[in-house]
Amino acid sequence: MIEYLQLLSFSPEGWGAALLSGAILTLQLALATLPLGLALGLTLALCMDSKRRFASRAATVFVTVFRGLPELLTIFIIYYGVQLLVKEASEAMGLKPFQVNGFFAGMLALGLVFGAFSSEVFLTAIRAIAKGQREAAFALGLSRVDMFRFVTAPQLWRIALPGLGNLWLVLLKETSLLSVIALTDLMRQTYLAVSNTKEPFFFYAVACSIYLLFSIVSGQVLHLMEKRANRFYVRS
């Protein structure tokens, strides 16, 4: 037991600091990806619900592609694809090529996947709102922007929140895939600890506990958010 505690210590011989920095990076990556994925998902949902055929079809194709691709493959495509685009653009402009940050590439890749899945949640929420409310908003002379701001958005948030909460939990777990592009997240630090100490069961159990802690805390926060969103609604 003392030996395991020493492995988790913050001393030069322990891996506590490395695992803590990896856990913090995992949270930072998930939190940075969330706004991007939500904005993209809402935009795609509005396009799919639009009467403009081109916008609807383009959004549908985008969602189909990124929902169908394995997340790991998406990460590779974005990471190496962005590297190639930056290199070619730099050479075309006569600039010195530079390395694309793995954090940015990972955030972009996971944001695209999150946006594709969240778009279905948003689309379902939009269509769950009674059409009569939109018609009433137009009858009152509200513009499309005001109708979305005052009529659609408040209800959209309440209806979509449970589904978005599930996607957030999935996003937390998917950050572990970014260890393949040498991003020093929790899984990468765990792998390094296992390689150096030859204690796979212990360190993977520690990583499992940290991810479970993230999920439990997230679940409690989501529960409070759902409770607040539904505070004016009485259950029958």
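The protein carries 20 positive and 13 negative side chains, and the centres of the two sets lie 13 Å apart. In this count Lys and Arg are positive and Asp and Glu negative, while His and the chain ends are left out. Each charge is placed at NZ of Lys, CZ of Arg, CG of Asp or CD of Glu.

Before I continue, a word on the basis of these values. This is a predicted model, in which local features need pLDDT of at least 70 and side-chain atom pairs count only at pLDDT 80 or more, whereas totals for chains, interfaces and linings use all residues. Residues are numbered from 1 along each chain as its sequence is written, and side-chain values use heavy atoms, without hydrogens and water.

Let me turn to the fold. The protein has nine helices and zero strands, where helices (H or I, at least four residues) and strands (E, at least two) are DSSP runs numbered from the N terminus. The C-alpha trace spans about 70 × 60 × 25 Å along its principal axes. Of the contacts with a separation of 6 or more, 74% join residues 24 or more positions apart; contact means heavy atoms within 4.5 Å.

Next, the surface. The protein exposes about 14200 Å², and carbon and sulfur atoms supply 66% of that area; accessible areas come from the Shrake-Rupley method with a 1.4 Å probe, and for residues only the protein chains shown count as cover. Of the 236 residues, 37% are buried, a term for under 20% relative accessible area, with exposed over 50% and partly exposed in between (1.4 Å probe, protein chains only).

Helix H4 covers residues 71-92. Beyond its neighbours within four places in sequence, Thr74 contacts Phe66, Leu69, Ala109 and Val113.

The UniProt record, an unreviewed entry, annotates "transmembrane region" at residues 20-47, 59-82, 102-126, 159-181 and 201-225. Such annotations may be inferred rather than shown by experiment; positions follow the numbering used here, and feature names are shortened. Residues 102-126 are 100% helix and 0% strand, with end C-alpha atoms 35 Å apart. Residues 159-181 are 70% helix and 0% strand, and there the end C-alpha atoms are 36 Å apart.

Finally, the cysteines. How many disulfides are there? The count is zero, a disulfide being a pair of cysteine sulfur atoms within 2.5 Å. Cys47 is partly exposed at 25% relative accessible area, and Cys208 is partly exposed at 42%.
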